[in-house]
Structure formats: C-alpha cells, structure tokens
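I begin with one of the chain contacts and then turn to the sheets.

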There are 4 protein chains.
Amino acid sequence: MIRVGIVGGTGYTGVELLRLLAMHEGVEVVTITSRAEAGRRVDEQFPNLRGYYQLAFAEPDPGVLASCDLVFFATPHNVAMQLVPELLAAGTRIVDLSADYRIRDAALWSQWYGEPHASPDLLAHAVYGLPEVNREQIRQAQLVACPGCYPTAIQLGWIPLLARGLVAPEGLIASAASGASGAGRQAKVDNLLSETAGSFKAYGAAGHRHLPEIEQGLGDVAGGPVAVTFVPHLLPIVRGIHATLFARLLASPPDLQALFEDYYRDEPFVDVLPAGVLPQTRTVKGANRCQLSVIVPQQRDTVVVLSVIDNLVKGASGQAVQNMNIMFGLPETAGLEQIGLLP
Amino acid sequence: MIRVGIVGGTGYTGVELLRLLAMHEGVEVVTITSRAEAGRRVDEQFPNLRGYYQLAFAEPDPGVLASCDLVFFATPHNVAMQLVPELLAAGTRIVDLSADYRIRDAALWSQWYGEPHASPDLLAHAVYGLPEVNREQIRQAQLVACPGCYPTAIQLGWIPLLARGLVAPEGLIASAASGASGAGRQAKVDNLLSETAGSFKAYGAAGHRHLPEIEQGLGDVAGGPVAVTFVPHLLPIVRGIHATLFARLLASPPDLQALFEDYYRDEPFVDVLPAGVLPQTRTVKGANRCQLSVIVPQQRDTVVVLSVIDNLVKGASGQAVQNMNIMFGLPETAGLEQIGLLP
Amino acid sequence: MIRVGIVGGTGYTGVELLRLLAMHEGVEVVTITSRAEAGRRVDEQFPNLRGYYQLAFAEPDPGVLASCDLVFFATPHNVAMQLVPELLAAGTRIVDLSADYRIRDAALWSQWYGEPHASPDLLAHAVYGLPEVNREQIRQAQLVACPGCYPTAIQLGWIPLLARGLVAPEGLIASAASGASGAGRQAKVDNLLSETAGSFKAYGAAGHRHLPEIEQGLGDVAGGPVAVTFVPHLLPIVRGIHATLFARLLASPPDLQALFEDYYRDEPFVDVLPAGVLPQTRTVKGANRCQLSVIVPQQRDTVVVLSVIDNLVKGASGQAVQNMNIMFGLPETAGLEQIGLLP
Amino acid sequence: MIRVGIVGGTGYTGVELLRLLAMHEGVEVVTITSRAEAGRRVDEQFPNLRGYYQLAFAEPDPGVLASCDLVFFATPHNVAMQLVPELLAAGTRIVDLSADYRIRDAALWSQWYGEPHASPDLLAHAVYGLPEVNREQIRQAQLVACPGCYPTAIQLGWIPLLARGLVAPEGLIASAASGASGAGRQAKVDNLLSETAGSFKAYGAAGHRHLPEIEQGLGDVAGGPVAVTFVPHLLPIVRGIHATLFARLLASPPDLQALFEDYYRDEPFVDVLPAGVLPQTRTVKGANRCQLSVIVPQQRDTVVVLSVIDNLVKGASGQAVQNMNIMFGLPETAGLEQIGLLP
C-alpha cells in the first residue's frame, strides 16, 4: 500500500482526489490537511464520501507528511514551493497539482505569478506530469508538476500536429472554455450561480497564467518557439473543459484522422473520436479521459482540433493519480476506471 | 459470470445499466436490443462507453434473450409484459425497470396506464424490488418489478415512520422534484433545454402514475390504507430526485433521528444524515444511494422527511443491479461502489 | 417627477429597481448609495444599464436622501431601521424592501433576527405592502414594508381560501423553492455555481425568517391564528419562486377555479391560470406578476395551490415600485409593463 | 398604426416578436399564423403574453396577409420564398427572419440549403437587414432579409477592422457559441435538457449554413473576398450568442478602442465596452443590443474581438423590429427599449 498525504483537502481537486483514491486498491490516505477545517470530518464537508473515509482534516504536520510515500499538493500556488524542499529531503515523492513547478524559467514564473519563486533550484528537477509526453521521466521523478487543466486539453490537441511539423508554430489560436469548478471553491461574487448561470463570457483574454505553460510545453514538442493566442471562457457548468484549436497547415496534410489515431493508439486516456463525431464535455464527466476530433473545414488551410476533458479529472486529480501510478510502477489505469457520467 | 441481456438499450436507464455493469466483475452483457438503432455500436450512441463495450444494438431475439441468466427491461411500459411470460417459461429471470409489474391489482394498473394488462396472471408472482422492504423475496424471485424513481425516494423516506405507526396514514403529503432525465430520452418539445432551463414547475398534479405504486407500497408497510397527495415537479437538472415529505405525528414522537439511524443501520444504500445536515441531490449523483434527513419544524406536530436519490441509479438502473446481486447471491454492493460526483 | 433615492444599490434588488425605474416615466433617480462602491458608475457595475444612467454610487448622505420624495431601502435587514426615523421626520416617504418593518411584534422580530429592533415604535405605523390586501392603507402610508419574496408567493396563493374560511388554518404546508438570486449578491461558498448548479436541496427547514411574516399575514386574512409548516428549497436558477401549497378542505368546496378567478379579477398583477394549466417560473421572469393554479388531486380533501413569481420583481423590486405608484397616485402599472421573458 | 402580420408564430422568434410588439405603440398585430396550432390562443401557448393579446393562431390567409402593411416571416427556410412574391405584388412589405433572401447568389444558396431557390429573381431586390451597414437601403426596401444570429454578432465585431483594412481578410477565425433557443422550438433529442445541460460542444464545424452569409457580408465591407473559419458551439443556456473573433493585424494598429468607439458612436444598439471590460451574454439578455470588446493579447499581431447579442433579439426579432422601424420612418428604438435582464 502506498501511503499518501494530501495537502489542501477542502478544494475541488482535494475532494476529487479522495473520490478517486477511495476506489484505488493500492493506496492508503494517511492524512489530509486543512488549516481552516482542521478537526472536521471530511465526509461532513463532502457528504458524497460518507462511508468511504473516517478521516478528519488535520493541521499540516511535517512529520506526518514526511512519513508518506507520496504527497499530493491540492493547493493554490505558493504553498507547495514552501514545503516541497523539506519533503523531498525526507525522501517523500511529490505530485504538485498547483502551478509552482510547471514553468522551468523562474523569472517567467515570477512575471506571471507576481512573486519570487521560493525554491527555484528545484525547477530543473521537476518533471512536467503530462504522461503522454514525459512518461519515462515521470517513472523516476521525485517531484512531478501536474499540468494545468487548460494546458492539458490544449497540448493533447496540438501535439500530434506540432510533433510532425504540420502546422505553423506561430499564430496558434486556442479558444477554450471551462466549467466553474476550475475557479476553485472560493467565495467570490463572480463565481456565484446568480452571476454565471445562463451566461457565457471570456475572461483573462489579455493574458492568462496558463499561457506560458502552454507555450513551454508545445515548444518542447515543436522543437522551437511557438506563439499561442489563448482566450479562456467561463461556462455555466460545473465540470468540463472544451478547447477549440486553430492552426495553419503548412502543406496539404496527410490523413489527419489516421495520424491522430496512430499517435494516441497506445494511450489509455486519450481517445480520438471517429471521423465526424465531435466531442462533448459531458461524455468525459468524471472520467480521466481526453476525447479529440480533428477537422479541416472547407478543405482550406486551417485545421481545427477539438479537445475535451473533465478539468477536475484528466485536468487535475485524475492526472495526478495517473502520475502516481507511473511513479510507483502500478498499472497506469488503477483507480481511474471511472466511466463518464452520461447523461 | 452472469449472462445478461438488456431490452431497450437506447434510453437513459439503458446506458446507465451499461455504465454500472461495465464495472461489475461478475457480469457479461450478451445482448442489448433496440429496434430503432439495430446495428449501431452502443459506444457510437454513448461515447462515454468507448473502450468498455464492443457490442452493437440488436433486434430483440427471443432465443438470445432466453439464453440469458437475467434480462433487464429498460423499456417504456407495455413492452415487458408482452415478452416476460415467454422468457420466464424459458427459465430466464427478469428485472423489469418499467411499470408493468409494479402494481398488483390489474384493474388499478389499467386505470392508470390506459390499457389492459397483457399478463395479469404474473402480477401475483412479481416481487416488488425495493430491497429495503423485500430483500428475502427478491432472492428467490423469477420476476422483479423494479420500483419507480419517485416511489423509491418517497417510500424510503416514510417507511420508518409508517412501520412504527408514528404518523397519520391519511393526509400524507409528498412534494417531490425530478431531474429531466426522468422523462426519458424522447423527442418532446416540453423537455427541450429551451423550455426547461432556468425554470421550475409542477406537473401531473392532478394525478401521476407513480401515485398508486406509492400508496400500495406504503400501505403494505403501514398495514392498512394510506392516502398520499403527491405533486411532482420538474427540475432544470439532468439527474436527481428530491422528495419533501410531510406527515402528521400521532403523538409526541421518540427521537426520530435515532429511529431513522437504527432503522437503516444495516442498509448499504440508505444513509441517514447527521442531525442538522440536509440532503442535496448532487451528493448522490451517479451513486446508488438514498440520503435522508428527518426534522420536526418548530416542534409542532408535522414531521418533515427529506429524501434524495439519483433517479437513474437508486431510482432505476442501480437498484436493478442491486436486485440482480440479491437474486444471484452476489455481494449486494457489487458494481455499485460508485461515489457521488461532487461537485 | 417623483424624486427617488435608493439606499443599497449594489445588490440584486437595487439593480432591479434601476431597471424598472429606467422605464418609468414619472420618476427621477436622484441618488443611489453604496459605501463599498462609492464613486463607481452604476453602469460599470451593471453593464445592462449602460445608456440609461449617468449616476455613480454615492455614500449615503442624509440631506440628499431627505430631499427625496421617496427612498427605497434595498438593503439587508438592520439598515433601514437605523435611518428611517430621521427620514420620516423629514417628510420623506419610505418603501423598505428589507425585513425591518414587516413584523408588527418587536419581540417576535427580535427572536427571528437575533437583535433588538432599533425603532420599534414605528412598527405600528408601517403598512405591510401587499397591495392585494392593503391597497387603501398603502395610499396614505409614510412607511411601507415590502413583503418578502416567499411571503408574497405563499400569501397570494392561500388568501382566497383563508379569506373564505374554506381550509383548516392549522396544518398548512408550504413547500417552496427559490432561485439563487434570493440569497443576494454576497460572496458565499454555498452560493457558488459549482455548489448549486445541477442540484436541489432544502434549507432552513427547521425555521426560516419568512415564517413569522407568512403566519402574521395569513392570520390577518383568516381572522385568527394559522400554523404553517414552511420548507424552502434552493433552485439552480437565477430568478423565480415556486410555491406548492397544501391545505385541508373543511368541506366539499365550491368551484375553486371560479372562486380564485373572481377573487383576483381586478388585480393587475395576479393572474389565475385556466383550469388545467400549471404555472412555471419562466413565464413570469422579469415581470411583476403572480400566476396561480388551484387543484384538488383525486377529489380528496387536500387542496393544492401553485404560485409563481419572479422573486426580484413581484417578490421585491417590482412590488416596491407598485407600492410607490399607489402611494403617489400613479397608475399602478406604471413602469411595470414588462412581459415575462420566455423562453 | 402599422398593420402587421406574422407568419409562423409558434417558434421562439414568433413569441419574441409578440413580446416586443406588445410594447410598441405604433403597431397592431393583425394576424399570426400557424397551421399546427390554428385556433389556439397565443397566450395559451405562451402564458407570458396573457393580458397582452386576444389573438389566436390562424391558418395563413393570403388575403389577410396581403392586407397588412408589413409581414414578418418567423419561419424555417423555404417558407418565405414561396409566399413572398405574391405579397410583394400586393404591396405588402416584408421582413424575413429566415435565410431565404440572405444570400445573393442563388447557386450558393442552393448549395448550402440543398434545394433550388423558389424565387431567385427577388434575391437582387432583397436588402440585407443589418442596419449598421445598410440603413439607407432598408428605408426604401420592400423586402428585407434579416441577418442570422451568428452573422449579426460576428459581422458587427469585425466590420470596423475590415472596413479600415487593418486585418488580413483571409485566415479570419470565429469561435462562437449560442444558447439552445437558436436551434428553435423543435422536438429533437439533441436539444433535450438531458442531452445539453451541464455540457458544451462544437457542432457544424465542417460547415455551418451561416458561413456563406458571414463571408458575403464581410466581403462587402472589406471590398474583396474574405475567408472565415467558423466553429459554432452549443451553450447550455437558453439565450445568448458570444463570438470570439481572431484576425491577423496587417500592421501595428492605431488605438483600436478609440476606433471601435468612433465607428459605432451613433449606433443605438451597438455598445463598445470600456477598455478592460469583457462582454457577457447575460448583460444583453432580452435587449436589442450588441456589446463589443477589442483586445490585442500580449501586444502580438493577433487582434481579438468579443461580441455578444441575445440571439432572439438583436440576432432575430429585435433586429426585425429595428428594420421595421427604419422602413416605416419610426424612431429606430421604438419598442426596443427593453433593458437586459441582469441577473
């Protein structure tokens, strides 16, 4: 049994980790921390978990965390980077769901997150936890930076095209939309049902923190710089990310449907839909799965890729468990066999 | 392995059976029928199932169905009662999710469903598949009539009070609300998103087909006739039933919280919430679970019970699998360990 | 032109007052106050108002408010009762949308609101602003206490029955549901879209602050005490209240459809639907209208009344404008001709 | 008083016309046709209209329609083009909300709509009813083809840039999303709440019928061919269109905020939001208004325009009334002063 700790258990990625780990036969959750809710039973906060956990939230205790085989950070940015150095030193492996270790360039990180990085020396040691790209490095990693939700959906959509050099790496356009759970479980007027239901809007169009992560990841695949215009939108739904990706084809392309199917043939959690079928966020709700379609409208020179994930699963907690499975040599699908809840 | 057939696979209870059975290690789905979609792969219709089934919908074939150990009917009423006699004769056991065998009195059935019953002689042999009431009879049953969604939520809420004789059996009042999936996957203007989203309404207030089923079941528990005023409402959500139940206390009651907790202590799928916590439909979404609260507002003489289920799980397909497990001597929770998807 | 001030302009009843008053030809909005947003243009906060107002939010200025003909309080409770005495003394008339002057008994008010009343001597002078009951008193009133949203929907549904003595005044049961805007524009986790969308729940079942107001109002109509069991629920929609009301008939009733139609024949904002048509919250969205149905299911002894309003219009700001019109001798429908937004 | 007829009154654009015209003091609705609902009162179908209309739906009667000053066609395509020639001959003016006269090239129309055009000779006489482009021609027009919903939002967003020659006319990218009412009031499984709520998807990505209309209109403005990649999406909301528009700047641009504000300064229904404010569909709900923002993310060479409308108002019935006002010399805003319903 892998002994697991969770730092920051009261948010949506925390409860989602608990949901997935309850179904994972190889894991024992030893501690789940929350300063605000310390002492409260987790199933009181999240009644869907009644019967699955006897745990209460605890103050973060470095000794208890260091005794774990793996600690998940399900925290806002700027928490993990304070605690990770000590835990790594104690031999505990880390999967960080926050943004702290996603960007290799500390200066770039500081520019987007507005503060200095607390452990910049670790950035070079962190492995970016997108298994479809970095599976081998993840196996040995002590510190995995789990990708953001938008970056997961967007990178999986474009990787086959950029890896094959089929599209112009500048001028990439990503119009993406997220369910409200992506904004976390925080009391903000903007996220009230009365402010969001029955409506749709873009936000962060002038610059969203996921942009440098997307450009870094795609640049690695393309073998050179890429430039992405990224406009996120807020959907009046709880779960789901949908990315609509546009790129300019450099030449008359091969059979893109076949190319995508080949590219992801062995990936357990990336599913290229049959030609003519377009993805919906609902078909992956609750599942650790990315579903993709590729189209060339009007046979012109713009290729459109559509990519959906559940932001809390393949976009966060499910991918975190997938990383854990790889790190500990477990079957990659362990605990992740949940089928999308449709309807 | 139990060989299972499903008649009527294109509706919401059909796809939900497939979702649950895919996670059930003791079951093989042999056939799933649909006249309208015969030949089409089930995962083309329901892309959440991609990777879990290779099946295509088939025309109903009596020989294939008769070769099954169990056949689920996930059909509108008036289908099962045509086919069940032949299948029973062949030794196939039946779990009927439709209304055909829920009401013991054929005349009453005809009055509410507007046509004669096709196999009235079987009504006496059918077991009403509410395990919390009829678990022992279900074990041996050849034909189980799976309860309706509203009747499940409502009966589980009132049973402890009626069984103990604590409330007046006449004058029971049930104000209940269902997600739109309860109306099925049928093309009707009234069920369009544009007709239902952002709105709430009562329907069937003058008489809903679940009323006689509710009164029959509660009458059995109370040991005499009960009279229920039942007003269903349509919620602008996909899944979930919430029942708000009012009854007049006959005397100063005992500790109702303790009574409910005791009554359901050994039930794996009925969860009495702690005092002061009220249920939400979202905490049971996707789970085979009923969550209950009991309150006596202002310490007056009206007791309020709140009861929630997922109409497609404990209100239909999950309860059907629960019945199957009991009939075949499997652990009652097999395939039903799904945790509610929150948020 | 009536010179109007609004205290507390940043909430939903504030913006709704502005929407309605922009269409009202006899009104000039002189000031709208908000300490938190002082200096910010109202159309920056509420872009739907762009082009209709040049105002910015202002600190509350007693002199400016006292110079108004009418001041609306669109505030939480415990604000109006601090300021109203001074304004009344200056001759300014008041429509208070908050709870401060709804309950005549100061001790009862304190019991439910948890603090002493700041101007209990004014309670006897306040007129309860339900025009269908108190139109004549409203004409002369200096201080109108605008009814709560649930109390409006519930009282309008039961008044014809209680006024005629047709139902038992004890044992009244109200199962009602409100859109999330009823909870106001406050940053609370419980009101996030991610906590409420796709779900339904009861709340305040042990006792909601609207209960004493409902019982007071209905008691006045019934000519004696009434007892109501009131269970409110939260709908995952923005606007709308639906009340499902149950009462025990004291005798075989007259033609209730005709009774309701007669009772409300001359009311401009109460609409009894034809027999067989049930109300929906969406048909009154944005409109100052209550739509009602009355049914006796199974011809038993329980009568069901269904009542819908838009909680922000007939349940708050529209009713406030209706009261203003009556107080100032304007046509009662002035500024209130908005048609429900369907779909 | 303008005598108005409406052909096709049972859909969403029909009821929306009725809502707007009820508030229009210069119009009398003489007839509203529906073969399916002939004889049924319109306020029975649409209870929000109770008290505003005494009309019943009627069979289309050419004599009655010809007696009108103006006939609106609120029909699917292929209805207006059958009846318009006769009505024009009788001197009746037409505003067609359907697609029949939007595309000048009959062959192109046939290619996208799959049938020959029934009155191709009229295409040259029809005026494309986007007042912001064609106001002068609309004044004299006998036949106005009201723009589609997506084309309205998209063209208004790009027109200032294309008219000034600031962006590359090829490689335009439009990612747009519509509420479900855009699909009309038709019984289709795909539009059920259970199929769409809580989800998001693209559709028609390989080619949507609004594409040739968009390219025709923008080509006129640009003075030469344009090429648009247009991907529409379905939002789980009732009303609203949001277009996210991407174009490549040809040179370092002028102050685009000032350019947009200048361009639309005199337009009553196009509202350029202040810099830094992004539009939301909810702020224009029920209003005949387009709100726009323009951004250049990261100061790179891609300009993003965000454009929102209510698809049933500025995207259909409101724009139709706006055209009528222009055609009959009325104030352009008559009947269109509705403020967006927020929240």
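1. Between chain A and chain B, 14 residue pairs are found in polar contact across the interface, with both residues of each pair at pLDDT 80 or more. That confidence condition matters here, since this is a predicted model. On the side of chain A that touches chain B, the elements giving two or more residues are α1 (12–22) and β11 (270–272) of chain A, and the largest share, five residues, comes from α1(A). By class, that side of chain A has 17 nonpolar, eight polar and eight charged residues.

2. The extent of this interface can be stated in two ways. The contact takes 33 residues from chain A and 33 residues from chain B, and the two chains bury about 2,800 Å² between them, with 62% of it on carbon and sulfur atoms. Of the area that chain A buries against chain B, A:R50, A:I339 and A:P343 supply 27%, which is more than any other three residues give.

3. Which residue of chain B forms a salt bridge with A:R50? The partner is B:D271, and the closest N and O atoms of the pair are 2.7 Å apart.

4. The interface of chain D and chain A brings 44 residues of chain D into contact with 44 residues of chain A. The area buried between these chains is about 3,400 Å², and carbon and sulfur atoms give 60% of it. D:F200, D:R282 and D:R300 supply 16% of the area that chain D buries against chain A, more than any other three residues.

5. Four salt bridges are found across the interface of chain D and chain A. In one pair, the side chains of D:R300 and A:E215 meet at 2.7 Å, taken from N to O. In another pair, A:R282 forms a salt bridge with D:E195, and the closest N and O atoms are again 2.7 Å apart. Because A:R282 lies in the loop between β11 and β12 (290–295) of chain A and D:E195 lies in helix α8 of chain D, this pair joins two chains. Over all chains, a search of the whole structure finds 76 salt bridges.

6. Polar contacts across the interface of chain D and chain A come to 17 residue pairs, both residues being at pLDDT 80 or more. Several elements give two or more residues to the side of chain D that touches chain A, including β7 (172–178), α9 (210–222) and β10 (241–248) of chain D. β9(D) gives the most to that side, with four residues. The residues of that side of chain D divide into 23 nonpolar, 14 polar and seven charged.

7. Chain A has an open sheet of seven strands, in the order β8-β9-β7-β10-β13-β12-β11, with mixed pairing. β8 (201–202) and β11 of chain A stand at the edges, each with a single partner strand, so one side of each has no neighbour in the sheet. Within the sheet, β7 (residues 172–178) and β10 (residues 241–248) of chain A run antiparallel and are joined by six bridges, and A:I173 stands opposite A:F246 in β10(A). Helix α9 (residues 210–222) of chain A packs on the sheet, where it touches β7 and β9 (228–234) of chain A, and its direction makes about 135° with that of β9(A). Helix α10 (residues 256–263) of chain A lies across β11, β12 and β13 (302–309) of chain A, running at about 155° to β12(A).

8. In chain B, six strands form an open sheet in the order β2-β1-β3-β4-β6-β5, and the pairing is parallel. β2 (27–33) and β5 (127–128) of chain B stand at the edges with a single partner strand each, so one side of each is left without a neighbour in the sheet. Strands β3 (residues 70–73) and β4 (residues 93–96) of chain B pair in the parallel sense over four bridges, with B:F72 standing opposite B:V95 in β4(B). Helix α4 (residues 80–89) of chain B lies across β3, β4 and β6 (143–145) of chain B and runs at about 175° to β3(B).

Key. Residues numbered from 1 in each chain as written. Chains lettered and ligands numbered in written order. Predicted model: local features only at pLDDT ≥ 70, side-chain atom pairs only at ≥ 80, totals over all residues. Heavy atoms only, no water. Contact = heavy atoms within 4.5 Å. Buried area = accessible area lost by both parts, 1.4 Å probe. Polar contact = N/O pair within 3.5 Å; in protein donor to acceptor, adjacent residues only side chain to side chain. Nonpolar A, V, L, I, M, F, W, Y, C, P; charged D, E, K, R; others polar. Pairing = 2+ DSSP bridges. Axes fitted to C-alpha atoms, helices over the stretch in contact; angles between N-to-C directions.
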